[in-house]
Amino acid sequence: MEGGGAGELQRAAAEGDLERVRSLLDAGADACEGNHEGMTPLMLAAQNGHAEVVRALLQAGAPWNALNPLGQCAGDFAMDAGHQEAFDILLDAGMQAELILGVVARQERKVEEGAEKPYLQQRVEYSEGKLLDEENKGVMMAWENPLMAAHAKAICANGGHVLNVGFGMGLVDTAIQSHNPASHTIIEAHPEVYKRMMETGWGEKPNVRILFGRWQDVLLQLDSYDGIFFDTYGEFYDDLKEFHEHLPKLLKKGGIYSYFNGLCATNAFFHVVYCQLVALELARLGLTTQFIPLPVKDCLDEETWRGVYHKYWQLDTYFLPVCQSEEEENEEDQKQ
Ligand SMILES: C[S@@+](CC[C@H](N)C(=O)[O-])C[C@H]1O[C@@H](n2cnc3c(N)ncnc32)[C@H](O)[C@@H]1O
């Protein structure tokens, strides 16, 4: 091509030279090619806060989700450097692309589907502070205990009747019990986890109702609830979305819903994109979502992950979703 190649485009993007970027793109420069550190023109523009260059590169087909060898994308650079406008443009591009294509979630699904056996057919093992599947992947781990306590507090805020999907180590259920709900329904699908629940006395608690089976298969046995928590394992974004479609029936007006927010938790910017996608999808179903930031860096060190196949959480902050269904309009409002 005439007048320079990818190297020149990278330089112009880093410097924020919009005209040069446009003319290089028009002349056929590769918008995706990274420099010796794997930094693409989009990453360089985002890192330096050149919002219009970010926009031009996205329009020219630069992928919003390309990663450098350290696993960082353009959005991570904009976010870390506090470049709000570039961040917003990238967030919008990520959401548009994922709404249509769902590439990032599908990649996670592919990794999980590579497993030899589906999770529910695998043996599981409880050991000190962990519940692992046959491949030593963490089904549940004790470092999440403070998060589970916060989820329980959120969904029990209205008192009343509570539903939890996925027992795991019983952390959230133990915390829910401490709020003394009128009733506490637990759905659990894994036979060995269910056996553990029975052995540890969960079947005898007066306000507890246990439904053994996949949530998909016990829906008809459910009522409506003041608080709901969802945290399964071996499922995907599509399953979470499917569960959300049932919320208008399952959650009472004014009720509170929360879920384990572990979507794309290996990259901070992908995670933000998926937080916003879920909030958008819940808004369509009549729920408002607030994310409460909880620092988790100090709960996690290398020792935490010893013997665990995959670090399923790599972020410093957990965004606890508190989702509330709209209250029924009261009579006064209706008269007006
Ligand atoms: C991450 S653990 C839940 C941890 C729990 N929140 C706690 O505080 O210990 C996920 C649980 O969901 C269960 N599970 C997986 N798929 C399920 C499904 N489709 N329906 C119901 N439970 C399911 C798993 O067997 C596992 O016990």
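1. Let me start with the layout. The chain is assigned domain 1 (6-101) and domain 2 (133-335), with bounds that come from an automatic or database domain assignment. The centres of domain 1 and domain 2, taken over C-alpha atoms, are 35 Å apart. Domain 1 brings 10 residues to the contact and domain 2 brings 7 residues, where two residues are in contact if their C-beta atoms, placed from the backbone, lie within 7 Å.

2. On the side of domain 1 that touches domain 2, helix H5 (74-81) and helix H6 (84-100) are the elements giving two or more residues.

3. A word on what you are looking at. This is a predicted model, in which local features need pLDDT of at least 70, side-chain atom pairs count only at pLDDT 80 or more, and totals for chains, interfaces and linings use all residues. Residues are numbered from 1 along each chain as its sequence is written.

4. For the overall picture, the chain has 15 helices and 10 strands; helices (H or I, at least four residues) and strands (E, at least two) are DSSP runs, numbered from the N terminus. The C-alpha trace spans about 75 × 60 × 35 Å along its principal axes. Of the 336 residues, 38% count as buried. Buried means 20 or more other C-beta atoms within 10 Å of a residue's own, exposed means 12 or fewer, and partly exposed is in between, with C-beta atoms placed from the backbone. Among contacts with a separation of 6 or more, 69% join residues 24 or more positions apart.

5. The largest nonpolar core holds 85 residues, of which Ala46, Val54, Leu57, Ala74 and Leu90 touch the most other members. Such a core is a set of buried Ala, Val, Leu, Ile, Met, Phe, Trp, Tyr and Cys residues joined through C-beta atoms within 7 Å. Helix H14 (residues 268-284) gives the largest share of this core, 8 residues. Because domain 1 (6-101) and domain 2 (133-335) both give residues to the core, it lies between them. Leucine 90 touches Ala46, Val54, Trp64, Ala74, Gly75 and Ala78, not counting residues up to four places away in sequence.

6. The ligand is surrounded by 23 residues, the closest being Gly166, Gly168, Leu171, Val172 and His190; a residue is near a molecule if its C-beta atom, placed from the backbone, lies within 6 Å of it. At least two residues of this shell come from each of strand E3 (138-141), helix H9 (171-177) and strand E5 (183-188). By class, the shell has 13 nonpolar, 6 polar and 4 charged residues.

7. In helix H1 (residues 6-15), the buried residues are Leu9, Gln10, Ala12 and Ala13. They cover an arc of only 170 degrees around the axis, so they sit on the same side of H1; the arc is that of the directions from the helix axis to the C-beta atoms. Their packing partners are helix H2 (18-26), helix H3 (41-47) and helix H4 (51-59). Just after H1, glycine 16 has a positive phi of about 75 degrees.

8. Finally, tyrosine 126 is in strand E1 (residues 125-127). Tyrosine 126 is partly exposed because 15 other C-beta atoms lie within 10 Å. Leaving aside neighbours within four places in sequence, tyrosine 126 is in contact with Leu131 and Arg196.

Technical notes
Nonpolar A, V, L, I, M, F, W, Y, C, P; charged D, E, K, R; others polar.
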